[in-house]
Amino acid sequence: GQLVAMPIAAMLDTAPLLNPWCTFWATSLFGGWLVLVILFSLGGPCKLKPAQAAHHIVMFFPFAFLAANGVRHWFTSSYTVANDSHSRLFAVMPGSEPFSPTMLGMQIFDFSITSLVPSMRRADAMSHHFVALILSYQLTLTGFLQYWQPFYFGMLEMSSVPLVFVDFFRALPNLAKRFDSLNELVRILFAATFIPIRCLYMPYVSFIWWRDFVGLYRAGDQKVVENILLFACFGGINIFLCGIQQFWGFKIVHAIQKMAKGDKKGREKEY
């Protein structure tokens with residue numbers, strides 16, 4: 001009973017929501033989005049879909065922040081601090097502080113807007129945002145997995161930077177036609193980052209995480225055993241996220257095949 005009650009009680013803790021990184025990004029995104037919605041509603045090429053266009057524009061900033069810091073920290077992490085399975089799960093890693101609370105603030109905004117804007121309310125996107133919100137909340141609360149956060153909450157977002165422009169043009173086909181060369185470029189950059197990083201590298205990194213976790217659990221590591229439900233939750237989310245990346249990767253390959261043939265039909269409906 002105590003093991004079950006612990007994660008439930010943790011979900012009622014408001015401390016992660018008050019983290020400065022979380023509050024900064026959540027308030028900045030909501031505020032910036034509201035200003036842009038008002039401006040776009042007054043006229044211009046974004047007037048047809050002001051809420052959706054504003055969402056895609058403001059999301060560029062947390063994605064760029066996480067991607068830049070993620071690449072830098074993932075490839076320069078101190079392996080003298082995290083050079084074994086236990087430290088890769090529990091060690092405090094210098095420079096990792098912003099990742100999970102930034103992701104939490106971003107997902108609070110993203111999940112809210114995706115829920116409110118009918119044209120963005122898709123089952124796969126909603127489920128992805130929800131599990132990312134839960135994961136970032138738990139990691140902000142516990143401080144676990146700081147070694148892994150620059151990858152999962154940072155480097156993975158490299159593909160999200162061009163994606164915001166892909167989504168922006170997809171929502172506004174008239175602008176996509178007007179800036180056709182730029183639209184094609186960001187679509188190529190998105191595919192060139194998504195497939196190698198999320199479809200190929202992410203499963204490899206996840207395998208190492210699972211190897212560490214299962215090895216420590218089988219060895220009876222006390223901290224892993226005490227937090228087994230949380231780590232089981234993390235593992236389930238990891239499997240889900242890896243799976244949905246492969247699903248999206250398959251759709252991207254299909255879009256690449258259409259692009260190679262010069263077929264641009266139905267892009268506003270491709271998700």
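Author: Gladly! Let's start with the salt bridge: a side-chain nitrogen of Lys or Arg within 4 Å of a carboxyl oxygen of Asp or Glu. This is a predicted model, in which local features need pLDDT of at least 70 and side-chain atom pairs count only at pLDDT 80 or more, while totals for chains, interfaces and linings use all residues. Residues are numbered from 1 along each chain as its sequence is written, and side-chain values use heavy atoms, with hydrogens and water left out.

Reader: What makes arginine 88 and aspartate 212 a salt bridge?

Author: Their closest N and O atoms are 2.7 Å apart, so the pair meets the distance rule. Helices here are DSSP runs of H or I with at least four residues, numbered from the N terminus (strands are E runs of at least two). Arginine 88 sits in helix H4 (residues 85–90) and aspartate 212 in helix H10, so the bridge ties together parts that are 124 residues apart in sequence.

Reader: Why is arginine 88 called buried?

Author: Buried means under 20% relative accessible area, exposed means over 50%, and partly exposed lies in between (1.4 Å probe, protein chains only). Arginine 88 has 14% relative accessibility, so it counts as buried.

Reader: How many salt bridges does the structure hold?

Author: There are four. One of them joins arginine 198 to glutamate 157, with the closest N and O atoms 3.3 Å apart. That pair links distant parts of the chain: arginine 198 is in helix H10 and glutamate 157 in the loop between H7 and helix H8 (160–171), 41 residues apart. Arginine 198 is buried, with a relative accessible area of 7%, and glutamate 157 also counts as buried, at 7%.

Reader: And what separates aspartate 167 from arginine 170 along helix H8?

Author: About one helical turn, because they are three residues apart in that helix. An α-helix has 3.6 residues a turn, so residues three or four places apart point the same way. The side chains of aspartate 167 and arginine 170 meet in a salt bridge at 2.2 Å, N to O, and both residues are buried.

Reader: Now the rings. Why is the pair of tryptophan 25 and phenylalanine 65 called tilted?

Author: Rings of Phe, Tyr and Trp (its six-membered ring) pair if their centres lie within 6.5 Å; planes under 30 degrees apart count as stacked, over 60 as edge-to-face, and the rest as tilted. The structure holds 24 such aromatic pairs. For tryptophan 25 and phenylalanine 65, the centres are 5.5 Å apart and the planes are at 45°, so the pair is tilted. It links tryptophan 25 in helix H2 to phenylalanine 65 in helix H3 (residues 50–74), 40 residues apart. Tryptophan 25 is buried at 9% relative accessible area, whereas phenylalanine 65 is partly exposed at 23%.

Reader: What makes phenylalanine 151 and tyrosine 201 edge-to-face?

Author: Their planes are at 90°, with 5.3 Å from centre to centre, so the angle falls in the edge-to-face class. Phenylalanine 151 lies in helix H7 (residues 149–152) and tyrosine 201 in helix H10 (residues 180–218), so the pair ties together parts that are 50 residues apart in sequence. Phenylalanine 151 is buried at 0%, and tyrosine 201 is partly exposed at 25%. Both belong to an aromatic cluster that also includes Trp74, Tyr147, Trp148, Tyr152 and Tyr204.

Reader: How do you know that cysteine 233 is too far from cysteine 242 for a bond?

Author: A disulfide is a pair of cysteine sulfur atoms within 2.5 Å. The closest cysteine sulfur to that of cysteine 233 belongs to cysteine 242, and it is 15 Å away, too far for a bond. For cysteine 242 the nearest is the sulfur of cysteine 199, 9.9 Å away, and cysteine 242 is in no disulfide. The disulfide count comes to zero.

Reader: Last one: how do you know that the length of helix H12 agrees with its residue count?

Author: The expected span is 1.5 Å times one less than the number of residues. Helix H12 (residues 228–260) has 33 residues and should span 48 Å; its end C-alpha atoms are 47 Å apart, which agrees. After H12 comes glycine 262, with a positive phi near 80°.
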